[in-house]
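Thank you for sending this model for comment. My remarks are set out as numbered points, and I would ask you to read them with the coordinates open beside you.

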Amino acid sequence: MDDSRKTVAFFGGLSLGVVVATAVACLASKRYIEWLIEETRKENENGKTKKLRKRSASRSSSPTRRAHRHSTAHQNAGNFESLEEAEPSARQTSHHEAAGMHTMTMSHMGTASARGMSRGTPRAVSPRAPALLRTETTDDEAFGGMQRLSSDGRERDLNLSDATGAGSEAVIPHVTNVAELPAAASCALERMKTLQPIYTGHVQSHDMPPPKAASYAELGGVVSAIMDRGKAIEEAALVEDYCRVITPETQLTEEYEDVCLTVVECLTLREKWLFEVREDLKPENMKKSTEVARPSELHGKDPFQYIPLPKSDLEYTLVDGVFQVGKAPDDPNPKFCVPGTANDFFKDLHHMCKVSAFGPVKTFCHQRLMLLEQKFNLHVMMNADKEFFAQKSAPHRDFYNVRKVDTHVHHSACMHQKHLLRFIKSKLRKEPDEVVIFRDGKYLTLKEVFESLELTSYDLNVDTLDMHADKNIFHRFDKFNLKYNPCGQSRLREIFLKQDNLIHGRYLAELTKEVFDDLEASKYQHAEYRISIYGRKEVEWDILAAWICSNELSSDNVVWLIQIPRLYQVCKEGGILEDFEQMLSNIFTPLFEVTKDPSTHPQLHMFLQQVVGFDMVDDESRPERRPSKHMPTAKEWNNDNNPPYSYYAYYMYANIYVLNKFRESRGLNTFVFRPHSGEAGDIDHLVCAFMLCGNIAHGINLRRSPFMQYLFYLAQVGLCMSPLSNNSLFLDYHKNPFPIFFARGLNVSLSTDDPLQIHLTKEPLVEEYSIAAQVWKLSSTDLCEIARNGVLHSGFPDACKRHWIAQQFWRSGPEGNDIQRTNVPNLRLRFRHDTHRDEFQLILVGCANCRIRQERSSDADV
């Protein structure tokens, strides 16, 4: 018992000693903390180094920086009004940080890692950095207890007092009793969070300190804070204040300087051939910047109201396959001239094809494209979260309610299979006795047609229609064309999918109106339907225009393109055409007639107001001989062989060029040339498209030519790509270069091509975006950027693009974007603009050095 009592007494005394020691330690800690806080306050009030004062004075002397800080503080003042206990200097610092004024660099992660970075490794630097090797912070940054790396590689320590700025007061409140310790500790912790500029392995830029819980008692306040943060990021992107990716460029070799000169020469060839509207008709030069949400607001509610136009005094005539317009049919000095003859075009074509196969050219372009791709990947790593917050700052907008245009879809396949099946069943049930076709010497009703096929309405289903593109059509364009025949029967295609038939295309018109209704119900989805003119006879234009006007096929969500199938060989073998010039005459003579005097074809005149361009379609995989400069003229081409792709392209483009000049002089709308190119076939298809086209359909063969891919990037030629269609015909989905093109900065958009054969849902364009997003892991910013590109590729009026994108939509970078309309962060477009500008500067510098070297060499020879 005595031992037990002694043990209890011993542990009791020990416990009491521990309690007493703890109390003494707490008291000492409290006194020490009070003393430390008091000393800090005095130091902040009384002492600042001369260096810090001088730097603060230099900052304040800059009008631009002073104005920017003032505007930013004024805008974000509402977010910090509840921080009443904070000192004025603390709120001022918070304003600077909220505006995103500090920009970190990867070299700040540590001295060893910064010094160990290779010269060619991409790194993130502030756009205000004066040199590539100099890694400095921006003006309003303060790094407490950190080290700054200068251009000479030396480290300079910064005092903790620098973080608060010159003349600032203590931000930690004075503690007078133990009860205030938790509040003081909390305030100090929040202040330390705002001062901490670097986290290990993370690049920080434009980060705002989180608001205090008491400031936003409800969820609405938190949402408001997130939106304010997104707005600050958007403003930072407008003034180039973001985590920008810059790669230190090594000196170009003489070989690469020669390549730069070649690139500039090829870009000059595109400028030589490409049609451009008059300066006064360009959107940036329009005196009256109209902005409308729907095209009908421009032309009135009735698009089929004929407005007479006086007849022109100019005459036109066809000479060697190209129309000429002058004061007389035989005028030796035509008013509108093509940039060159066919021989000139083929000569330029061969030059570019030869250059694209040159070894140093391929090496240089491949390296630049790979670097562009890595720049984008690094940009996403550093700025994806900022782009996400910026999108949250745009109220109402998301991917579903931004404008999306299907820039490549064929009208005969614009509906999905279930839609067509329901329509056929409906007509078979409601109009079985309608006479629909003349076959085998007699007229047949719809019921008799199906009886001859041994089919009833009950038997029909999607599988019976057999219009879906399956694995059996891969690399078989002929089988793909057969999929346009419902149930494999050409007579059903003539009845339901043709406008030139016994019932004058009534069924197809009704189907088209139903598709229009679906687009208008979705509101934000638009389409450019391609409809065919074959060139077999001139009356085709009047038949098509009468079908459009009589059925009143017009919608604010739809514009038309005319596609010209390259079927000269078929028409020649059928005895329809004598030579290639006759085909060109059948296509373009009615257009020149209606341009000169609209009263000759009033319905065609009204229809052309809704047409925005021309397409050229057919199987590109067919082998063909590349044209030479000694090719026969269009009149001389009277053999049974189909002309090459580039031969078609030149004569199509040359006549469109003259027609555009003629219509422009008459105050009428003009057309763009947007052919299928690069889906298959040789590289000269893409070379031809580069010189003549504003944008093209497909373009997947660019993956085989680094040179042409680099040129398409520099010129920002639009690519309306259809990965699901390519997956069915020419290229597996996982091999499609779309995500690589997008990362490298090529001007790409998504389109459907043939929903009837490819897609399964009511919204094929959204289905295309959905599959691309899932397979390639595209973010919301990526999808909205692609949708924005689609609007720019489209032929909708400029006034609509002003409303859908921005007032100055034609400008690159954030100046041509409004996140409230496109949901694309300015940060993304600033990156695209800066990267493209830097690439152009590199090419121009290399070209200038090459020319200087050539001049010196020529002077030395002399």
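Predicted model: local features only at pLDDT ≥ 70, side-chain atom pairs only at ≥ 80, totals over all residues.

1. Apart from residues up to four places away in sequence, E528 touches V405, D406, T407, V409, V559, L561, V612, R674, S794, G795 and F796.

2. On the aromatic side, the structure holds 45 aromatic pairs. In the pair of F388 and F389 the ring centres are 6.0 Å apart and the planes stand at 70 degrees, so the arrangement is edge-to-face. The two residues fall into separate accessibility classes: F388 has a relative accessibility of 45% and counts as partly exposed, whereas F389, at 18%, counts as buried.

3. The rings of F588 and F614 form another pair, with centres 6.2 Å apart and planes at 35 degrees, so this one is tilted. Because F588 lies in helix α20 (residues 580–596) and F614 in strand β12 (residues 611–617), the pair ties together parts that are 26 residues apart in sequence. Both F588 and F614 are buried.

4. Which residues are linked into a cluster by ring pairs? The cluster is made up of W273, F345, F346, Y568, F580, W637, Y647, Y648, Y650 and Y651.

5. Charged side chains are also placed over aromatic rings, and two cases can be inspected directly. K404 lies over the face of F399, at 4.8 Å from the ring centre, and the charged end of R832 sits over the ring of F742, 4.9 Å from its centre.

6. Turning to salt bridges, the structure holds 35 of them. In one, the side chains of D470 and K483 meet with an N to O distance of 3.7 Å. This pair links distant parts of the chain, 13 residues apart, with D470 in the loop between α14 (462–465) and α15 (477–482) and K483 in the loop between α15 and α16 (490–496). D470 is partly exposed, with a relative accessible area of 30%, while K483 is buried at 9%.

7. D579 and K635 form a further salt bridge, in which the closest N and O atoms are 3.5 Å apart. Since D579 lies in the loop between α19 (568–573) and α20, and K635 in the loop between β12 and α22 (645–665), the pair ties together parts that are 56 residues apart in sequence. D579, with 8% relative accessibility, counts as buried, but K635, with 47%, counts as partly exposed.

8. How far apart are the closest N and O atoms of the salt bridge between D782 and R828? They are 2.8 Å apart, and the pair links distant parts of the chain, D782 being in helix α29 (residues 780–793) and R828 in helix α32 (residues 826–861), 46 residues apart. D782 counts as buried at 8% relative accessibility, and R828 is buried as well, with a relative accessible area of 1%. Salt bridges that share partners then join E387, D782, E785, R828 and R832 into one network, and R832 is also the residue whose charged end sits over the ring of F742.

Definitions and conventions:
Residues numbered from 1 in each chain as written. Heavy atoms only, no water. Contact = heavy atoms within 4.5 Å. Phe/Tyr/Trp six-rings, centres within 6.5 Å; stacked < 30°, edge-to-face > 60°. Buried < 20%, exposed > 50% of the residue type's maximum accessible area, 1.4 Å probe, protein only. Helix = DSSP H or I, 4+ residues; strand = E, 2+ residues; numbered from the N terminus. Lys NZ or Arg CZ within 6 Å of the ring centre and 35° of its normal. Salt bridge = Lys/Arg side-chain N within 4 Å of Asp/Glu carboxyl O.
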